[in-house]
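Please take a guided walk through this model in your viewer. Each stop names what to select and then says what is there.

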Amino acid sequence: MRRWLPSPSLSLALFVVWLLLNQTLDLGTLLLAAVFAVIVPLLTRGLRPATVRMRKPGVALRLTLRALGDMLYSALTVGKLLLTRRTSQIKGQFVEIPLDVRDPNALAMLAMICCLTPGTAWGELSFDRSRLLLHVFDMKDEAAFIAMIKTRYEAPLMEIFES
């Protein structure tokens with residue numbers, strides 16, 4: 001069964017979304033939804049990261065709440081800066097952050113947190129996964145920013161995915 005449906009939840013989601021998009025339950029739509037539900041997961045199997053084992057759900061919940069809070073705070077801060085400062089007063093720069101985390105799922109989560117947080121943009125991950133290049137909208141203290149990323153995000157991700 002896993003050979004034809006490597007990701008049953010993805011297949012189900014594709015099937016339902018296709019039906020919702022077409023807003024009909026005729027035979028052709030059902031057949032096409034079934035074809036997409038089988039073929040798309042097979043074609044994208046190699047794009048998915050390694051299987052995730054949730055080791056510390058409490059830490060994951062705290063990290064989620066922390067990241068959401070930081071995103072809200074950052075959105076308000078970036079909005080305030082855009083409305084109250086001139087462009088020449090905003091000090092955007094690239095920051096290189098040394099990484100200890102190596103798990104591909106943890107790195108993917110770190111990428112999502114950084115990309116979804118206003119004021120930061122994922123720049124580049126080194127080939128050996130030891131350094132992350134981020135662009136920061138308004139940099140005040142580079143060392144404090146690096147320490148914040150490592151303690152608020154990297155450490156919990158390592159606890160969730162690597163311990």
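Which residues lie nearest the centre of the largest pocket? Select Y73, S74, V136, F145 and M148: of the 24 residues that line the largest pocket, these lie nearest its centre. Keep in mind throughout that this is a predicted model.

**The largest pocket**

Helix α3 (57–84), α4, β3 and α5 each give two or more residues to the lining of the largest pocket. The largest share, six residues, comes from α3. The space in the largest pocket is about 570 Å³.

**The second largest pocket**

Now select A60, L63, T64, M109 and I113. These lie nearest the centre of the second largest pocket, which is lined by 14 residues. Its volume is about 190 Å³. Three helices, α3, α4 and α5, each supply at least two residues of the lining of this pocket. Here too α3 gives the largest share of the lining, six residues. By type, the lining of the second largest pocket divides into 13 nonpolar residues, one polar and no charged.

**The sheet**

What is the order of the strands in the open sheet? The order is β1-β3-β2, and the pairing is antiparallel. Select 93–98 for β1 and 120–125 for β2: these are the edge strands, and each pairs on one side only. Looking across the sheet, neighbouring strands are turned by 30° against each other on average, direction ignored.

Next, select residues 131–136, which form β3. Six bridges join β3 to β1, and the two strands run antiparallel.

Strands β2 and β3 pair in the antiparallel sense over five bridges. Pick E124 and then L133 in β3, which is the bridge partner of E124. The hairpin of β2 and β3 has five residues between the strands, and R129 in this hairpin takes a positive phi near 60°.

**Helices on the sheet**

What is K150 in contact with, leaving aside its neighbours within four places in sequence? The contacts are I97, P98, L99, D100 and A155. For a distance check, pick the C-alpha atoms of K150 and T87: the two residues are 63 apart in sequence and 29 Å apart in space.

**Helix α1**

For the last stop, select residues 8–22, helix α1, and look at its end C-alpha atoms. The helix has 15 residues, so at 1.5 Å a residue it should span 21 Å; the end C-alpha atoms are 21 Å apart, which agrees. Finish on Q23, which follows α1 and has a positive phi near 50°.

Definitions and conventions
Residues numbered from 1 in each chain as written. Predicted model: local features only at pLDDT ≥ 70, side-chain atom pairs only at ≥ 80, totals over all residues. Heavy atoms only, no water. Pairing = 2+ DSSP bridges. Helix = DSSP H or I, 4+ residues; strand = E, 2+ residues; numbered from the N terminus. Axes fitted to C-alpha atoms, helices over the stretch in contact; angles between N-to-C directions. 1 Å grid on protein atoms, 1.4 Å probe; cavity = no way out; pocket = protein on both sides within 12 Å on 5 of 7 lines; lining within 4 Å. Points joined across faces, edges and corners; volume = space filled by probe spheres on them. Nonpolar A, V, L, I, M, F, W, Y, C, P; charged D, E, K, R; others polar. Expected span 1.5 Å × (residues − 1). Contact = heavy atoms within 4.5 Å.
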